[in-house]
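Subject: Structure for your review

Hello,

Here is the structure I promised to send over. My notes follow below it.

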Amino acid sequence: MRNNTYNRKVDMSTKTVEISLLEKEEQNGYMAAVRAHNDAFAERNGFRRTAFVLTLGCQQNESDSEKISGMAQAMGYDLTDTPDDAYLIVVNTCAIREHAEKRALSLVGQYKHVKAKRPETIIAVCGCMTAQEHRVKQLKNSYPYVDILFGTSQLHRFPEFLAEKIAKGKRVLRSDEPENTVPEDMPVRRESNYRAWVSAMYGCNNFCSYCIVPYVRGRERSRRKEQIVKEVRELVAQGYNDITLLGQNVNSYGKDLGADYDFADLLAEIDKIEGDYLLHFMTSHPKDATHKLIDVMAQGTHIAHHFHLPMQSGSDAVLKAMNRRYDFARYVSIVDYIREKMPDATITSDIIVGFPGETEEDFEATLTALGRARFDMVYSFIYSPRKGTPAAEMEQVPDEIKSARFERLLDRQNEISLENNKKLEGQTLRVLCDGKSKNKSEAINGRTDGGRIVFFNGDESMTGKFINVKITRSETFALYGEII
Ligand code: SAH
Ligand code: SF4
Ligand code: F3S
């Protein structure tokens, strides 16, 4: 296998490669070939072949799936949300924690039955899990009914792989070709008609010692500013009003381009686009959270006053072992600056408990840090060793201790989230309506600029619209209110 994830000396100098026009034309040719194959089927049978795309990862993964769905449609498939009657199944995997990989493998296992019923169904597995050599081997050997395998950098070549499978019938296993690509102008089928993801950059260079992302997503590579601004402008013109710029370390945007603009400049430029829309971005790394960025947010017209700023731990020793490149004092100084410039800002974070070597004292430092930072919401995770990362080789914290700390962390953060939410009672907040809630089937819900869920007395006709809601009651994870 060429230059793949493990045993690989990471080359940080790799240059960003924008997909060339020639390559795009080549892929368009493959798309046309698959389309002809599917058109002929529809002609014979009176219905179209269907495709089912399953997303198992983060927002980047969802964004990739929207491109996969877009390509599938362009290749003449009708999209379906049930795998059972699909002629093409694409599983877009995640590898961030063991649970994510287990889930992916178990689902792929289930699709064996679909294939048994309809042998012509093509099963493709892609995404972060399949960018790892050991998983590729495992899928290759133990899941013989998987027809196509590709990694995150070959997304734009999906038409080629599919055309090859259709033409030759043999398995197409192509996750061994890392490319530092930046795909542009791909067909996209967006899940929503008012919320949209826009990739600002791909990859990550940070190598936090617990994290698999830099190995499975490659080096940081930014899209050109003009391309991003153009995409956002088109989305706003189409009526999208909730746009999120994506990147694993989105605020390091531009560094690889050697350009004279940075992420703050990109935000400021997008903010000039006129219209009634809200601009979010995620995820920011504290080391790249500059005063300039916070000033641009505070002065902006469309930029949500929401900062998702993963802290990971409140202990300086653990932060150092994690290779996070900041200490708690530096972290909290950013939080203070955000609050000074945007007193209404929502600040959310990620925390890992049970990182190797984390002592009771380290963990208590995290609890104390929660009390100091007073996050509105925290996504907390039990540390999960990832093969090939430095932390997986360190001395591990026993599972029972990890679980007990996790519970204590949740308890402490829930108190803080509730206290913060209580302060919103009586206030009028702008809420972007999402229609009926998936869990509380009858209730209409939406999200505040900072991402808090609000249930209110609206109706489905408000879906996708900004509504002013007066908050009457708050809970730890939700607010309740009435339309003003
Ligand atoms: N790029 C973002 C998010 C990466 S993944 C960032 O740097 O913040 C989202 C979250 O998953 C991380 O913030 C971290 O809290 C968690 N995470 C990553 N690797 C993990 C692991 N091995 N075990 C447990 N949680 C992990
Ligand atoms: Fe992973 Fe760290 Fe990169 Fe985030 S910044 S994706 S946690 S390596
Ligand atoms: Fe998972 Fe890959 Fe996202 S590992 S969290 S899908 S970048």
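Strand β15 (residues 346-353) pairs with β16 in the parallel sense, over six bridges. Strands here are DSSP runs of E of at least two residues, and helices are runs of H or I of at least four, both numbered from the N terminus. Two strands count as paired if DSSP finds at least two bridges between them. Ser349 has Val378 of β16 as its bridge partner.

These strands belong to an open sheet of three, in the order β14-β15-β16, with parallel pairing. β14 (306-308) and β16 (377-382) stand at the edges with a single partner strand each, so one side of each has no neighbour in the sheet. On average, neighbouring strands of this sheet are turned by 10 degrees against each other, direction ignored.

**How to read the model**

This is a predicted model: local features need pLDDT of at least 70, side-chain atom pairs count only at pLDDT 80 or more, and totals for chains, interfaces and linings use all residues. Residues are numbered from 1 along each chain as its sequence is written, chains are lettered from A and ligands numbered from 1 in the order in which they are written, and side-chain values use heavy atoms, with hydrogens and water left out.

Six strands form another open sheet, in the order β3-β2-β4-β5-β6-β7, and the pairing is parallel. Its edge strands are β3 (78-79) and β7 (172-174), each of which pairs on one side only. Within it, β4 (residues 88-93) and β5 (residues 122-127) pair in the parallel sense over six bridges. Asn92 has Cys126 in β5 as its bridge partner.

Helix α3 (residues 98-117) packs on the sheet and touches β2, β4 and β5. Contact means heavy atoms within 4.5 Å. The direction of α3 makes about 175 degrees with that of β4. Helix α2 (residues 59-74) lies across β2 (50-55), β3, β4 and β5, and runs at about 175 degrees to β2. Axes are lines fitted to C-alpha atoms, for helices over the stretch in contact, and angles run from 0 to 180 degrees between N-to-C directions.

**Strands β9, β12 and β13**

β9 (residues 195-199) and β12 (residues 242-246) run parallel, joined by five bridges. Arg195 stands opposite Asp242 in β12. Five bridges also join β12 to β13, again parallel. Asp242 has Leu278 as its bridge partner in β13.

Four of the five residues of β9 are buried, so β9 is largely enclosed by the rest of the structure. Four of the five residues of β13 (residues 278-282) are buried, so β13 is largely enclosed too. Buried means under 20% relative accessible area, exposed over 50%, and partly exposed in between (1.4 Å probe, protein chains only).

**Cysteines**

How many disulfides are there? The count is zero, with a disulfide taken as a pair of cysteine sulfur atoms within 2.5 Å. For Cys126, the nearest cysteine sulfur is that of Cys128, 9.4 Å away. Cys126 is buried, at 1% relative accessible area. Cys211 is buried as well, at 13%.

**Ligands**

Ligand 2 is surrounded by residues including Cys204, Cys208, Cys211, His285 and Arg324, where near means a heavy atom within 4 Å. Its shell has seven nonpolar, three polar and one charged residues. Ala, Val, Leu, Ile, Met, Phe, Trp, Tyr, Cys and Pro count as nonpolar, Asp, Glu, Lys and Arg as charged, and the others, Gly among them, as polar.

Around ligand 3 are Gly57, Cys58, Asn61, Cys94, Ala95, Ile96, Cys128, Arg217 and Gln248. That shell has five nonpolar, three polar and one charged residues.

Best wishes
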